[in-house]
Amino acid sequence: MPILPAPKEDFVGLDDIVHLATGGQPPLLQAHRAAFEHFARDKARGMEGYRVHWAVVDEVRTQLASLVNLAPQNIALTGNASEAIAKVVSSIDWQPGDNAVVAALDYASGRYALARLADIGVTVRTVPCDGWTIGIDGLLSACDSKTRLVYVSQVNALTGQHLDIAKVSNALSGTPTALLVDASHALGVVPVPGDLCDFVVSSCYKFLLGVHDGVLGWNRARWPDFVPSGVGWHSATSTVAGFAIKDDAQRAEYGNVGHLGAYLLKASIDYLNSFGIEAITDHVRPLASCLVDGMAQAGLPVMTPSDPVQQAANAAFEWADTESFVTRAQKDGFLVWGDNGRIRVSAHLFTAEADIDAFLDRLPRFLG
Ligand SMILES: Cc1ncc(COP(=O)(O)O)c(C=O)c1O
């Protein structure tokens, strides 16, 4: 296996910048240029090329399945993570008086998809956080026999907190509550235990190094009933009576999935796998820890837990004037992400220890 950090030359546009913004938007790979070409050549080949597109989609499903520890037939490609969340929420047979549980700090797409259920008499139990920390015990104690779904991000988008999904999974196992895990800040950089979830969703354009597509993993063995509210030519087959919904997770793919995105994602996952996710995790976690410690030493109001077990690839601190911070950093050659009242700094496989040291050294200048 090649050693980490990954060469910056393998990426587009990393020559003169220290890129610490993968939690928002990573660079593409040089290998994506060949994937674009491959797609373009196949696109010009009529039916034969279109069949190749779907064959590439199948290969990507297999790659994703292995990344989330599910079978390929449990994987659907969607337009984005938010759509995947909405499809899962739409599949639950909600009854008035039911409830859903979510942490107040969790991602908007999950919170909004659940809040919409108020119209049909479903209560959303929004669990307050202890400062910037989501407590799993608090989430679990909000659940009762009427809780139909818990939405939780494996790595919180705002704070970078990494949650112990196994603990949530164990507690919900055998209950009528579905566990929907959003792995958008985990997939591609830390192991994602899809086998412990009922559903796992992710965007593809962050640590997974793809573009703006989504993935939905359905753990059928744990949660057999999944019929999203919509249907289309690709999610069903024709029958005498009309149509029959497909047997596997493709029931969540109503029409063509993003073929170009699949070509790119295949190149991304090939690249990530050439290092191995565990090696990437081992490389990135100490860098994130270093960032968290450095931010604390600089006297900043750090949002990411100091416990390394609760860290993944993002470190964040509260900051009101995010725009000025991001601009100052960029002028000095550092890309970070700043919105929602915080600055988020991310490491990935191409991040070197020297990048983190240089950022922490320059940090006081970006504060204004
Ligand atoms: C946890 C989480 N889920 C979902 C999304 C949205 O992804 P998409 O645009 O693919 O729906 C984001 C984007 O930042 C995110 O952080």
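Which domains does the domain assignment of the protein chain give? The assignment lists domain 1 (8–29 + 276–363) and domain 2 (32–271), with bounds taken from an automatic or database domain assignment. The model is predicted: local features need pLDDT of at least 70 and side-chain atom pairs count only at pLDDT 80 or more, while totals for chains, interfaces and linings use all residues. Residues are numbered from 1 along each chain as its sequence is written.

**View 1. Domain 1 and domain 2 in contact.** The centres of the two domains, taken over C-alpha atoms, are 26 Å apart. Domain 1 gives 25 residues to the contact and domain 2 gives 22 residues; residues are in contact if their C-beta atoms, placed from the backbone, lie within 7 Å. On the side of domain 1 that touches domain 2, helix 8, strand 11 and strand 14 each give two or more residues. Helix 8 supplies the largest share of that side, five residues. The residues on the side of domain 1 that touches domain 2 are 12 nonpolar, 10 polar and three charged. Here Ala, Val, Leu, Ile, Met, Phe, Trp, Tyr, Cys and Pro count as nonpolar, Asp, Glu, Lys and Arg as charged, and the others, Gly among them, as polar. Helices (H or I, at least four residues) and strands (E, at least two) are DSSP runs, numbered from the N terminus.

View 2. Strand 11 and strand 14 (residues 342–346) run antiparallel and are joined by five bridges. Opposite alanine 315 stands valine 345 of strand 14.

View 3. Axes are lines fitted to C-alpha atoms, for helices over the stretch in contact, and angles run from 0 to 180 degrees between N-to-C directions.

View 4. Strand 7 and strand 8 run antiparallel, with five bridges between them. Serine 202 has valine 215, in strand 8, as its bridge partner.

View 5. Helix 3 (residues 81–90) is largely enclosed by the rest of the structure, because eight of its 10 residues are buried. A residue is buried if 20 or more other C-beta atoms lie within 10 Å of its own, exposed if 12 or fewer, and partly exposed in between, with C-beta atoms placed from the backbone. The buried residues of helix 3 are Ala81, Ser82, Ala84, Ile85, Ala86, Lys87, Val88 and Val89. Among the elements they pack against are strand 2 (75–78), helix 4 (108–115) and strand 5 (147–153).

**View 6. Helix 1 against helix 7.** Helix 1 (residues 31–43) and helix 7 (residues 259–275) pack at about 145°, and their axes are 9 Å apart. Helix 1 contributes Ala31, His32, Ala35, His38 and Phe39 to the contact, and the residues from helix 7 include Leu260, Tyr263 and Leu264. By class, this contact of helix 1 with helix 7 has eight nonpolar, three polar and one charged residues.

View 7. Leucine 264 lies in helix 7 and counts as buried because it has 27 C-beta neighbours inside 10 Å. Leaving aside neighbours within four places in sequence, leucine 264 is in contact with His32, Ala35, Gly210 and Val211. Arginine 41, in helix 1, is exposed, with 11 other C-beta atoms within 10 Å. Aspartate 248 sits in the loop between strand 10 (242–245) and helix 7. Aspartate 248 is partly exposed, with 16 C-beta neighbours inside 10 Å.

Note on methods. Two strands pair if DSSP finds at least two bridges between them. Two residues are in contact if their C-beta atoms, placed from the backbone, lie within 7 Å.
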